[in-house]
Amino acid sequence: MSRVLVVDDELSMRELLEIFFLKEGHEVDLACEGGAGVKLMLEVDYDLVITDLRMPGTNGMVVLERCRELLPDTPIIVMTAFATPETAISAMKLGAYDYFTKPFKLDEAKVVISKALERRELVLENRELRTELGKEHSKGIIGRSIAIQRMMTLVKRVAPTKANIL
């Protein structure tokens, strides 16, 4: 189950996306403006953020920038009823995963949303695997044989000294 944040000033859009995500088995938090969305991001590590661009107060571009700072691995989908190529390009340059023009078809959005959540899962899994690899294999030497273990023990003993070993 994923945790999703929807930031939009339109009540009907928030309700539509809330119903959609709940049916899909996700947890959903809603914010009616950008500032409230950013505040929620300070408290929760979201798996996906969906934000409108044009909102009173803090707009979607600010939400996008702050999300990149606070939740760098979280995909962000931007949506707007006032689409222009410039806003789409700006959003993508700031790190948006994708861009929807309102009104959009939920079936098409579902595909993009599932890909975004899948990407998030892969990024986190990749990070975890790299961490495990780093713990298990020091200095890029991979091996579990007794000879390798003895050699690694020797390396650890000699490494702090100024001895020259070939």
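**View 1. Asp45 and Arg120 join their side chains in a salt bridge.** The N to O distance here is 3.4 Å; a salt bridge means a side-chain nitrogen of Lys or Arg within 4 Å of a carboxyl oxygen of Asp or Glu. This is a predicted model, in which local features need pLDDT of at least 70 and side-chain atom pairs count only at pLDDT 80 or more, while totals for chains, interfaces and linings use all residues. Residues are numbered from 1 along each chain as its sequence is written, and side-chain values use heavy atoms, with hydrogens and water left out. Asp45 sits in the loop between H2 and strand S3 (48-52), and Arg120 belongs to helix H5, so the pair links parts of the chain that are 75 residues apart. Helices (H or I, at least four residues) and strands (E, at least two) are DSSP runs, numbered from the N terminus. Arg120 is buried, at 5% relative accessible area. Buried means under 20% relative accessible area, exposed means over 50%, and partly exposed is in between (1.4 Å probe, protein chains only).

**View 2. A network of salt bridges joins Asp8, Glu10, Asp52 and Lys102.** The bridges in this group share partners. Across the whole structure, a search finds ten salt bridges. As background, side chains of opposite charge can pair when their charged atoms come close. Look also at the peptide bond from Lys102 to Pro103: this bond is cis, with omega near -10°. Pro103 lies in the loop between strand S5 (98-101) and H5.

**View 3. Arg3 and Asp29 meet in a salt bridge.** Their closest N and O atoms are 2.8 Å apart. Arg3 is in strand S1 and Asp29 is in strand S2 (residues 27-31), so this pair ties together parts that are 26 residues apart in sequence. Are the two partners buried or partly exposed? Arg3 is partly exposed at 26% relative accessibility, whereas Asp29 is buried at 17%. Ser2 comes in the segment before strand S1 (3-7), and at 16% relative accessibility Ser2 is buried. Leaving out neighbours within four places in sequence, Ser2 is in contact (heavy atoms within 4.5 Å) with His26, Glu27, Asp47 and Leu117.

**View 4. Glu24 and Lys110 form a salt bridge.** The N to O distance in this pair is 3.3 Å. Glu24 lies in the loop between helix H1 (11-23) and S2, while Lys110 lies in helix H5 (residues 106-136), and the two are 86 residues apart. Both partners are partly exposed: Glu24 has 36% relative accessibility, and Lys110 has 37%. Lys23 is found in helix H1 and is exposed, with a relative accessible area of 71%. From the C-alpha atom of Lys23 to that of Val111, 88 residues away along the chain, the separation is 15 Å.

**View 5. The largest nonpolar core has 21 residues.** A nonpolar core is a set of buried Ala, Val, Leu, Ile, Met, Phe, Trp, Tyr and Cys residues joined through side-chain atoms within 4.5 Å. Leu5, Met41, Tyr46, Leu64, Val78 and Ala91 have the most contacts inside this core. Two or more residues come from each of S1, helix H2 (34-43), helix H3 (60-70), strand S4 (76-80) and helix H4 (85-93). Which element gives the most to this core? The answer is H3, with four residues. Another core, of 18 residues, lies apart from this one and has Leu17, Ile50, Phe104 and Ala116 among its members. Within reach of Leu64, not counting residues up to four places away in sequence, are contacts with Ile76, Val78, Ala91, Leu94, Gly95 and Ala96.

**View 6. Strand S4 is mostly covered.** Five of the five residues of S4 are buried. Ile76, Val78 and Thr80 point one way from the strand, and Ile77 and Met79 point the other way. S3 and S4 pair in the parallel sense over four bridges; strands pair if DSSP finds at least two bridges between them. In this pairing, Asp52 stands opposite Met79.
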